[in-house]
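Please look through the model below with its pockets and one of its sheets in mind. The paragraphs that follow take these parts in turn.

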Amino acid sequence: MEFKLKHKDGIARVCEITTAHSIFETPIFMPVGTVGAVKSLDANDLKNELDAKIILANTYHMYLRPGLEVIRNFKGLHGFTQFDRSFLTDSGGFQAFSLSKNSKHFSEGIEFKSHIDGSKHLFTPKSVLDIQYTFKSDIMMILDDLVALPATKERIKISVNRTILWAKEAIEYHKKMQNENIGLDQNIFGIIQGGTDYEERKRCALALNEMEFDGLAIGGLSVGEENALMYETVENLNPFLDENRPRYLMGVGTPEDLVENVARGVDMFDCVMPTRNARNGTFFTSFGKFNIKKAEFINDHDPIDKTCQCYTCCNFSRAYLNHLFKAKELTFFRLASLHNLHYYLDLVKQMREAIKKNKFEQFKKDFYSKRLNNAI
């Protein structure tokens, strides 16, 4: 990976990341393709309609189905999915959290029962990298110990201890494998845990900052805490992070979360929100969000957002989308997902341009001003 810090406006920054499969500037939003597909979209949609440079897939889900042998036969995720740009793969730590009834944490790793057939599996810092070597993902996330919030100080301390221990094991193993010509084009990110505890976050960040990770992620947020606490936690981490590596805030979030955390120095984001909300009929727009199922849209000739240039807004009316949603037409999922992802990708593009012009604060004021007017 090549990483260049190109411009700063306060703490907000524009960086350039080069992987084996694509070059992109940050701030960047990564559409979530958990099982190798962004729901209702294909690789052509992602490339030709959205111009997505990097997407996310999940190690836990792809390991269970279709399995390593299938993906190996296609020489990795790029060949299997036909998305030939960058992939980031999450390690499965979040699934251990979200499927906690089926998982147990041990000092050596996480044991879980498959949600598909009940079979038992053990993820370790080494095994999750071995899986991701098969995937040939451009950015590999290490195994970490994620806890729900609020949590006791004792549990957070255990989480940080495990995360640091597993991070050391992961980076040492990755360097060893690269010396054996495995994973040479792949990059590895550490994950900072610690809940909203200042001292534990600092301890974890300082420890991981000393390791040879290609980038650092902030994990364990947007898991039950208030937004203000999330923003404070991210802001407090800034002094303890190497500015010459990308910073990735995992699983976050709303458009407001993206704007607030770019202001706090974050480079990379992912979240299921734009596609999940799309399937439920909720659209993100320059003036806020609204749900298309309301009766007021039955005869509405306007697009979702008059300022939007996505495929859906350029071709279809709110009335048609209202009809598709109520008729439970599958076409709705694609059109809605295209719009919401376009909105997110355009939002980070606007932030990049504002930072380059030293106008990020003005952008932020305008962003909130449009929402106050809320002119549907």
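What volume does the largest pocket have? The model is a predicted one, in which local features need pLDDT of at least 70 and side-chain atom pairs count only at pLDDT 80 or more, while totals for chains, interfaces and linings use all residues. Residues are numbered from 1 along each chain as its sequence is written, and side-chain values use heavy atoms, with hydrogens and water left out.

The largest pocket has a volume of about 750 Å³. A pocket here is an open set of points, on a 1 Å grid over the protein atoms alone, where a 1.4 Å probe fits and protein lies on both sides within 12 Å along at least five of seven lines; lining residues have an atom within 4 Å of a point. The volume is the space filled by probe spheres set on the points, which are joined across faces, edges and corners. Of the 33 residues that line the largest pocket, F94, Q95, G251, D270 and V272 are the closest to its centre. Two or more lining residues come from each of strand 5 (54-58), helix 5 (93-98) and helix 11 (273-279), and helix 11 gives the most, with four residues. Helices (H or I, at least four residues) and strands (E, at least two) are DSSP runs numbered from the N terminus. The lining divides into 14 nonpolar, 12 polar and seven charged residues, where Ala, Val, Leu, Ile, Met, Phe, Trp, Tyr, Cys and Pro count as nonpolar, Asp, Glu, Lys and Arg as charged, and the others, Gly among them, as polar.

The second largest pocket, with a volume of about 310 Å³, is lined by 16 residues, of which L50, D51, L345, K349 and R352 are the closest to its centre. Helix 14 gives the most to this lining, with six residues, and the lining as a whole divides into nine nonpolar, one polar and six charged residues. Because domain 1 (2-268) and domain 2 (278-373) both give residues to the lining of the second largest pocket, this pocket lies between them; the domain bounds come from an automatic or database domain assignment.

Turning to the sheet, three strands form an open sheet in the order 7-8-9 with antiparallel pairing, two strands being paired if DSSP finds at least two bridges between them. Its edge strands, strand 7 (103-106) and strand 9 (120-123), each pair on one side only. Strand 8 (residues 109-113) and strand 9 pair over four bridges, and K113 has K120 in strand 9 as its bridge partner.
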